[in-house]
Every structure is written in structure tokens, then in C-alpha cells.
Amino acid sequence: EINIPGFTAFRSDRKDRKNGGVITYIRQDLGVRNQFSHSNSYCESAAQFIPELSLCLINVYRPPGCPLAKFQETLGLLEEFLEGLEGEQGTPSILCTGDMNLPFMRDWSKLALEKFCTQVAENETSNRTTAEDRKQAVLLIKFAQENYMEQFINTGTRNANILDLVFCS
């Protein structure tokens, strides 16, 4: 059911819970040198490095109600994977996609992100989100900034909510 002729599937299936996971398809003629797959029963992530394109693909699923420590673990492991690519020829481009389930994040402009991070740091409250969700959004923003990535989706992917994100360096 999940095979596509001419493509190799790289998966990270949810462990210890029903449903969930991520899958990335890469054309079979493109070699993958390094790969990573992780599930902590909440977040699933997979990453691949394609030397021919000098490209690192990252795919992440962060479910609603995800504990802060689980998302923090996922981003930490992805950071380690990226650090392992530092010896490659030049700096690879990064394409990070995923369903992050942060519906309160409706403006991904640089100014809005700076304001949001300041509000979270100062513990300003929001009626629509939990403190853990806001902290996870800040972790994602910092992960993107540290890897020189910009988020490109600016219209709702589920009604008015921007849940599915695409970051690129």
C-alpha cells in the first residue's frame, strides 16, 4: 500500500501507541548516505542526507498534546544528526517538513516570531494555548533559526490553522 515504484521509502513508525508516523519518498536513483529515524511514542522523525544534491531532508510529526520533553528530545536528536553532516562537502541545504500541530502560530514573519518568543519568555498568557505548547513553538523557532531556516507556509493548511510547515535553509 505504501510502495511507489521508482522510490525508496524512509519511515519512522509510532512505537507503543496506535497510528502515527512519518514517511519520506526519495527517487531510487538518488543515493542516501546518512539516515536517521526516531520515535518516542509521541514525536516521530526521519532524516536523510542526499550527497548528490547536498540536501538534508527532515520529516517530523508532533501531535497535539505532546509533552515538552518528547519534542525537546526529537529536536535534540535532529540537531545531532545535522551536526554529523558538518564534515560533508560544503554546508548542505536543509528541507524540514512536518505536521507540527501549533494552531496558535498564524504569523511566521520574523517580527511576529521575535514578539512571540519575547511573550513566552516573559510568561504572558494566552487563552488558546498551554504553556507547554508555547515553549515547544519557541524550541521549533530556535531550531529553525540555528539552522538558518525560514518557514514558507503562510496560509491555513487546516481551515485557518497553519499546522503543516515547510522550513528551508
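Student: Which residues does Phe7 touch, leaving out residues up to four places away in sequence?
Tutor: Phe7 touches Tyr25, Ile26, Arg27 and Gln28. The model is predicted, and a touch here means heavy atoms within 4.5 Å.

Student: Where does Phe7 lie?
Tutor: Phe7 is in strand β1, which covers residues 7-13.

Student: Why is Phe7 called partly exposed?
Tutor: Buried means under 20% relative accessible area and exposed means over 50%, with partly exposed in between. Phe7 has 33% relative accessibility, so it counts as partly exposed.

Student: How far is Phe7 from Pro103, in sequence and in space?
Tutor: Phe7 and Pro103 are separated by 96 residues in sequence and by 32 Å from C-alpha to C-alpha.

Student: What makes Thr97 partly exposed?
Tutor: The relative accessibility of Thr97 is 26%.

Student: Where is Thr97, and what does it touch beyond residues up to four places away in sequence?
Tutor: Thr97 is placed in strand β6, residues 93-99. Thr97 touches Ile58, Asn59, Val60, Leu165 and Val166. As for Ile50, Thr97 is 47 residues from it in sequence and 16 Å from it in space, C-alpha to C-alpha.

Student: Is Asp133 buried or exposed, and how do you know?
Tutor: The cut-off for buried is under 20% relative accessible area. Asp133 has 17%, so it is buried. Asp133 belongs to helix α3, and it touches Arg62, Leu102 and Phe104, not counting residues up to four places away in sequence.

Student: What makes the phi of Ser41 worth a remark?
Tutor: Most residues other than glycine have a negative phi. Ser41 is not a glycine, yet its phi is positive, at about 75°. Ser41 sits in the loop between β3 (34-39) and β4 (44-50).

Student: Why is Ser41 called buried when it lies in a loop?
Tutor: The class is set by accessibility, with buried meaning under 20% relative accessible area. Ser41 is at 12%, so it counts as buried.

Student: Which phi does Tyr148 have, and where does Tyr148 lie?
Tutor: Tyr148 has a positive phi of about 55° although it is not a glycine. Tyr148 lies in the loop between α3 and β7 (150-151).

Student: Is Tyr148 buried or exposed?
Tutor: Exposed means over 50% relative accessible area. Tyr148 is at 73%, so it counts as exposed.

Student: How do you know whether α1 is parallel or perpendicular to α3?
Tutor: Helix α1 (residues 68-83) packs with α3 at an angle of about 10°, and their axes are 10 Å apart. Angles under 35 degrees count as roughly parallel, so α1 is roughly parallel to α3.

Student: Which residues form the contact of α1 with α3?
Tutor: On the α1 side they are Leu68, Phe71, Gln72, Leu75, Leu78, Glu79 and Leu82. They meet Glu132, Lys135, Gln136, Leu139, Leu140, Phe143 and Glu146 in α3. By class, this contact has 8 nonpolar, 2 polar and 4 charged residues.

Student: Which residues of α2 and α3 meet?
Tutor: Leu113, Phe116, Cys117 and Val120 in α2 meet Arg134, Lys135, Ala137, Val138 and Ile141 in α3. Sorted by class, the contact of α2 with α3 has 7 nonpolar, no polar and 2 charged residues.

Student: How many helices and strands are there, and in which pattern?
Tutor: The chain has 3 helices and 8 strands. Along the sequence the pattern is β-β-β-β-β-α-β-α-α-β-β.

Student: How do you know that the chain is as compact as a globular protein of that length?
Tutor: Its radius of gyration is 16 Å, close to the 15 Å from the globule rule for 169 residues, so the description holds. The C-alpha trace spans about 50 × 40 × 30 Å along its principal axes.

Student: What share of the chain is buried?
Tutor: Buried residues are 43% of the 169 residues. As for contacts between residues at least 6 apart in sequence, 58% join residues at least 24 apart.

Methods
Residues numbered from 1 in each chain as written. Predicted model: local features only at pLDDT ≥ 70, side-chain atom pairs only at ≥ 80, totals over all residues. Heavy atoms only, no water. Helix = DSSP H or I, 4+ residues; strand = E, 2+ residues; numbered from the N terminus. Nonpolar A, V, L, I, M, F, W, Y, C, P; charged D, E, K, R; others polar. Rg over C-alpha atoms; globule rule 2.2 N^0.38 Å. Buried < 20%, exposed > 50% of the residue type's maximum accessible area, 1.4 Å probe, protein only. Axes fitted to C-alpha atoms, helices over the stretch in contact; angles between N-to-C directions. Parallel < 35°, antiparallel > 145°, perpendicular 65-115°, else oblique.
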